[in-house]
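Morning, everyone. Please put the sequence and the model up side by side. I'll walk through it region by region.

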Amino acid sequence: MAQLSDDCFAHGGKLMTTAEALALLAEKVRCITAIETKTVHQCLGRILASDLLSSVNVPPHDNSAVDGYAVAFDDLVPGETTVLPISERMAAGTPLPDKIKIHTAVRIFTGAVMPQGTDTVLMQEDCVLDQNGNVSIPSGIKRGANSRKAGEDVTAGTVIFQAGHRLKPQDLGLISAVGITEIPVRRPLQVALFSTGDELQNPGTMLKSGQVYDSNRFTITGLLQNLGCAVTDLGILSDDFEVIRHALGEAAGQFDLILTSGGVSVGEEDHVKQAVECQGSLHAWRLAIKPGRPIALGQIGSTAFVGLPGNPVAVVVTFANFVRPLIALLSGNNIQPPRCFPITAAFTHRKKAARREWIRVHLRKNSEGLLEAHKFPKEGAGVLSSVCASDGFAELPEDLLSVEPGQIITYLPFNEVGL
């Protein structure tokens, strides 16, 4: 279970900036997931618990990068065609012969070990083989051409991946290439999730007047699973203080993190904030951001808690920018801040000072073939289709008051934040 200090997320009553919230997370939150050993096949998306070192060179021997003829470069006549007899044939996996005759060529195939004394490989299509078993080699080849050196990919004794790295498909290949079969990884973070709201219904049921289908749980579940979390969906809770209080208390003893959607604002039917405070600590719940200002950060006992907004777009924005780094810290994942890129705006926008905003944009080439950011025409925090139709966010910092066409802005691609 999560072990968070009582002052985690602690802050004063003013609106907290994005930078302050992220700095506080980095300062207070620590990894809480246990370590387990899994086979390579089981580790896609898992987080390494310790550094992985290679005990071997990859490749283990000098080998040929092409099908052709291996020679000693010093046997080639500068500026002229060299004719050499063929003394051996080397295929991939063939043991090295005891001895190679000097001043000869070796017929060699891709991946085969370079015989001792040879250092250069001629591609077979560049050479001419005669009926007497001699090969004619043209001039102009460089020393060491088409030869892969031992340890060129990985050198024995080096760290191939550091603790905290999330394993990708290509990583599993490299781990296998150095002969490792089992890996120490972090156990998936156990996350409980539920939505609140009397107006919410599960898809597939009949809607009554005033009701809508709950979409947030499905969005959040996908975002959590993309981060390797084990998600338990606790469904929809009614706008009832006792129901919410009981659900939170039950979940706190079983999970590492509790996520809720809705009910963290200041309305009479927003009971989540009070339910957390009566059995835990809610240290910050108003951020200087748009969309998503009412996001509750706190804990119930030693279990981390995040109360996300109810509006679907606000859920996406707050999860991408605050829940994602929180989960990384709890899971031992050493993710770096998302990479943003400068891009030209093709829209007009006005915003308040001292507030960070994320505008949904899609990229389109202009008449010069350069990409520009176009704002989705509908700005509402409830327009989830805007996220589906966009490529990323235009991230507008606190001190920026307006955007005009042609202005260089900061672009945050969705794939940088797991979308």
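Start with the open sheet: six strands, mixed pairing, in the order E7-E4-E6-E5-E9-E8. Its edges are strand E7 (120–123) and strand E8 (128–129), each pairing on one side only. Strands here are DSSP runs of E with at least two residues, helices are runs of H or I with at least four residues, and both are numbered from the N terminus. Two strands pair if DSSP finds at least two bridges between them.

A word on provenance: this is a predicted model, where local features need pLDDT of at least 70, side-chain atom pairs count only at pLDDT 80 or more, and totals for chains, interfaces and linings use all residues. Residues are numbered from 1 along each chain as its sequence is written, and side-chain values use heavy atoms, with hydrogens and water left out.

Back to the sheet. E5 and strand E6 (residues 105–108) pair in the parallel sense, over four bridges. Arg89 stands opposite Arg107 in E6.

Now Ile86, in strand E5 (residues 82–90). Buried means under 20% relative accessible area, exposed means over 50%, and partly exposed is in between, with a 1.4 Å probe and protein chains only. Which residues does Ile86 touch? Beyond residues up to four places away in sequence, they are Tyr69, Ala105, Arg107, Leu129, Gly133 and Val135. Contact means heavy atoms within 4.5 Å. Ile86 and Val71 sit 15 residues apart in sequence, and their C-alpha atoms are 9.7 Å apart in space.

Thr120 lies in strand E7. Thr120 has 0% relative accessibility, so it counts as buried. Its side chain makes a polar contact of 2.9 Å with the side chain of Asp119. A polar atom of the Thr120 side chain also lies 2.9 Å from the backbone nitrogen of Gly144. A polar contact is a pair of N or O atoms within 3.5 Å; within protein, one must be able to donate a hydrogen and the other to accept it, and residues adjacent in sequence count only if both atoms are side-chain atoms. Leaving out residues up to four places away in sequence, Thr120 touches several others, including Tyr69, Val71, Phe73, Met114 and Ile141.

Another threonine. Thr33 lies in the loop between helix H1 (18–28) and strand E1 (35–39). At 3% relative accessibility, Thr33 is buried. Its side chain reaches the backbone oxygen of Ser331 at 3.5 Å. Beyond neighbours within four places in sequence, the contacts of Thr33 include Arg186, Pro188, Leu189 and Leu330.

Next, ring pairs. How many aromatic pairs does a search of the whole structure find? Two. In one of them, Phe322 and Trp358 have ring centres 6.5 Å apart and planes at 85°, so the pair is edge-to-face. Phe322 is in helix H6 (residues 312–331) and Trp358 in strand E24 (residues 356–365), so the pair ties together parts 36 residues apart in sequence. Phe322 is buried at 2% relative accessible area, and Trp358 is buried at 1%.

Phe393 and Phe414 also form an edge-to-face pair: 5.0 Å centre to centre, 75° between the planes. Phe393 lies in strand E26 (residues 392–396) and Phe414 in the segment after strand E28 (408–413), so this pair ties together parts 21 residues apart in sequence. Phe393 is buried at 1%; Phe414 is buried at 7%. The rule: rings of Phe, Tyr and Trp (its six-membered ring) pair if their centres lie within 6.5 Å, with planes under 30 degrees apart counted as stacked, over 60 as edge-to-face and the rest as tilted.

Last, the whole chain. Its secondary structure comes to seven helices and 28 strands. The radius of gyration is 30 Å, whereas a compact globule of 419 residues would have one near 22 Å. That radius is taken over C-alpha atoms, and the globule rule is 2.2 Å times the number of residues to the power 0.38. Along the principal axes, the C-alpha atoms fill a box of roughly 95 × 55 × 45 Å. Buried residues make up 45% of the 419.
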